[in-house]
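Good morning, and thank you for coming.

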Number of protein chains: 2
Amino acid sequence: MKLYDTEHAPNPRRVRIFLAEKGITVPRQNVDLIGREHFSDDFAAINPFRQVPVLELDDGTRLTESAAICRYFEELHPEPPLFGTTPLERAQVEMWSRRIDFLLFTAIAQAFRHASRGMAVLENLQIAEWAEVNRDRALSFLRTLEGELHGEPFLVGGRFSMADISGLVALDFLRAARLQVPEELTRVRQWHAGLAARPSAVP
Amino acid sequence: MKLYDTEHAPNPRRVRIFLAEKGITVPRQNVDLIGREHFSDDFAAINPFRQVPVLELDDGTRLTESAAICRYFEELHPEPPLFGTTPLERAQVEMWSRRIDFLLFTAIAQAFRHASRGMAVLENLQIAEWAEVNRDRALSFLRTLEGELHGEPFLVGGRFSMADISGLVALDFLRAARLQVPEELTRVRQWHAGLAARPSAVP
């Protein structure tokens, strides 16, 4: 088993946090995103959609998408459970993961890709106004999230989960879009601080 | 239990297809998206993120995000399995669902929202060039997908799954962006035709 990974992107970090929480070690091979290795023909043979991470199994089967790789490890190593333990919790972990991934993370990524000169290789047409729209959307999400939190350390069922991992990675990604959690969103800040203090947050 | 639903949007259709495949009937309440009911204060109390569908349980708990609602029903009614039956299949269903949702569906949605006059209420700043970029991305995804299909009727494990539901709904959504599956992508067209012919595709 081998994990194609890279230090310089938020999505692969989700898998590293997940594995750290599970206590699982997987051999890693670095993909040089800055050197555009993922645009090489060699990498297209590994993942035709040209994204990192990729988990390669011993029989050569390859899994992409961070959440799918994490779900695979959850199935093989159920403890500690990170995708919920009851039907409702499992649905709530999926709900919060998707809310964060589609409504927050995507907005931050758009704001970053359309405003950062270094991202011009990925976004040939960088649209400053679109970056601004997405900065507003990210902040709007955080304000709504503030109303949904009630001082609990975790999003679902009183237990750390994949949804918190996505939340931590998204909030740490705000910097790339020159954003931060507004001071007045105290519950979001408190939730974030708790996640960032976990040993798994380091990688 | 009650499903807040709407006829006029692709995401809620995923839940309707899923329920039809499971043979489950759930009372539905229509949300009038065209009348902007989801922007009302009443609806914000139901889903602060203002999206449809929403599944309301008998104790008042509410689930949002189509995939999360489907996963809840999968947990309660495992047969027929629509999220995979082995660890690898479960990961592959997640992988294909996310590939379709993030890389294809999102591109189609952007192309639609930034080019359709009717969508100006949702995208105050409509950017024609951004619509064009996303039309290209949707087509690029379909070309890559063609290379990943090998004539099987379903994406994962020889069995109809949530990933196929997302694929069907995304392909049917192409029209909204004035796109279609190019003639030469015969395997994508064949896969699509098989899904569209299922009784569940009607709702």
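In this predicted model, 47 residues of chain B are in contact with 47 residues of chain A, where contact means heavy atoms within 4.5 Å. The area buried between the two chains is about 3,900 Å², and carbon and sulfur atoms give 68% of that; buried area is the accessible area (1.4 Å probe) that two parts lose on being put together, summed over both. On the side of chain B, the residues losing the most area to chain A are B:F49, B:R98 and B:W130, together 18% of what that side buries.

B:R98 also forms a salt bridge with A:D101, with the closest N and O atoms 2.8 Å apart. Between chain B and chain A the count is eight salt bridges, each a side-chain nitrogen of Lys or Arg within 4 Å of a carboxyl oxygen of Asp or Glu.

How are the two copies related? Chain B can be laid on chain A by a turn of 180 degrees and a shift of 0.0 Å along the axis, with an RMSD of 0.0 Å, superposed by least squares on the C-alpha atoms of residues with pLDDT of at least 70 in both. That is the relation of a two-fold axis. The same surface serves both copies, since 100% of the contact residues of chain B recur in chain A. Within chain B, B:F102 comes closest to the rotation axis, its C-alpha lying at 4.0 Å.

A note on conventions: residues are numbered from 1 along each chain as its sequence is written, and chains are lettered from A in the order in which they are written. Local features need pLDDT of at least 70, side-chain atom pairs count only at pLDDT 80 or more, totals for chains, interfaces and linings use all residues, and side-chain values use heavy atoms, with hydrogens and water left out.
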